[in-house]
Amino acid sequence: MKETHCRQLNAFNSRWPRDEMHYGSILEETDEDLRSEIESSDDNNERNQQDKQSAECQSFEIHIQRESRATRNSNRVIGLFLLAFLIVGVSTVLSTGSGGSAPTRSSHHRLPLLGSPGRTSRTLIVLRHAKASWDDPNVKDIDRPLSKRGEEEIRHISHYLRDEKIAPPEIVYASPSVRTKETLKALDMKGIPVVYDQKLYDLASQNDGYIQYLLGLDSKYTRVMIVGHNPACLHLVQHIAYFKMLFKYPTSTYSEIYWRRAGDWTDAANQRGKLVHFIQPAGK
């Protein structure tokens with residue numbers, strides 16, 4: 001590199017005499033060339049810097065446009081969701097105001113399960129007969145009537161159900177014994193169909209007897225009452241309400257178990273029901 005510089009200097013000296021004026025003019029020309037190169041380089045740098053800033057601005061503007069577009073899309077989705085929610089709410093209010101009523105635990109209105117046709121709410125009422133009389137030892141068990149105490153306690157249960165406005169069942173399945181018939185008569189359920197089934201008497205001694213009976217109930221009924229005997233009543237409530245701490249089921253005890261969604265009574269028997277009413281006479 002040093003030898004190259006010398007050759008350039010030698011060529012420079014041989015071309016021009018050692019004269020201050022010429023030397024000065026050559027330096028001026030050289031300075032002007034260098035200055036023009038420097039100015040040109042500065043201009044290029046400045047142009048590159050401007051181009052870079054312009055590109056950054058364009059990139060920033062594109063980024064902002066994308067964010068704005070995403071924000072608008074998000075706001076549009078939220079708006080549509082709120083509109084749909086509002087429409088559903090208004091429809092519910094209008095349907096309720098036009099004679100419908102919201103289902104409650106004690107009602108027997110059907111609650112359809114979306115995506116599962118045929119599933120409804122179901123309620124099972126389990127009532128053990130009132131206390132029977134043992135005055136006549138010669139009377140068959142199926143023919144024993146209610147005692148005075150039994151008549152009194154079932155009358156109290158009947159008044160309580162009426163005062164609390166607890167909805168009656170759609171249908172009653174009862175044992176054909178005299179004491180269960182007299183129990184139903186004291187409840188004064190006029191207009192409610194009653195089916196006296198011998199199975200409810202025969203299965204009463206089996207722990208799972210009424211559980212098996214539940215499986216065969218007609219699914220078109222969604223609010224059903226069973227009036228029967230122990231120990232089957234006790235084990236039925238223990239099973240379907242998961243009421244394992246229930247050790248006694250005295251006479252005239254009334255239980256109401258509710259399922260929010262059940263396809264039929266077999267489906268209900270395999271689910272855990274909710275014990276919404278558990279009523280006993282005072283002193284039990």
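Two strands are taken as paired if DSSP finds at least two bridges between them. Helices (H or I, at least four residues) and strands (E, at least two) are DSSP runs, numbered from the N terminus. The model is predicted: local features need pLDDT of at least 70, side-chain atom pairs count only at pLDDT 80 or more, and totals for chains, interfaces and linings use all residues. Residues are numbered from 1 along each chain as its sequence is written, and side-chain values use heavy atoms, with hydrogens and water left out.

On this basis, S5 and S6 are antiparallel partners over five bridges, and Tyr 254 stands opposite Ile 279 in S6. Both strands belong to an open sheet of six strands with mixed pairing, in the order S3-S2-S4-S1-S5-S6. Strand S3 (194-196) and strand S6 (274-279) form the edges, each pairing on one side only. From one strand to the next, the twist averages 20°.

Helix H4 (residues 178-187) lies across S1, S2, S3 and S4 and runs at about 135° to S4. H7 lies across S1, S4, S5 and S6, at about 150° to S1.

A nonpolar core is a set of buried Ala, Val, Leu, Ile, Met, Phe, Trp, Tyr and Cys residues joined through side-chain atoms within 4.5 Å; buried means under 20% relative accessible area, exposed over 50%, and partly exposed in between (1.4 Å probe, protein chains only). The largest core has 29 residues, and those touching the most other members are Leu 124, Val 126, Tyr 210, Leu 214, Leu 236, Trp 259 and Trp 265. Elements giving two or more residues to this core include strand S1 (120-128), helix H6 (209-215) and strand S5 (254-262). H7 gives the most, with seven residues. A second, separate core of 17 residues includes Ile 125, Ile 166, Val 172 and Val 227.

His 129 is found in the loop between S1 and helix H3 (148-163). This residue has a relative accessible area of 6% and is therefore classed as buried. Not counting residues up to four places away in sequence, His 129 touches Arg 179, Thr 180, Thr 183, Gly 228, His 229, Thr 251 and Ser 252. The side chains of His 129 and Arg 179 are joined by a polar contact of 3.3 Å; such a contact is a pair of N or O atoms within 3.5 Å, where within protein one must be able to donate a hydrogen and the other to accept it, and residues adjacent in sequence count only if both atoms are side-chain atoms.

Terms used. Axes fitted to C-alpha atoms, helices over the stretch in contact; angles between N-to-C directions. Contact = heavy atoms within 4.5 Å.
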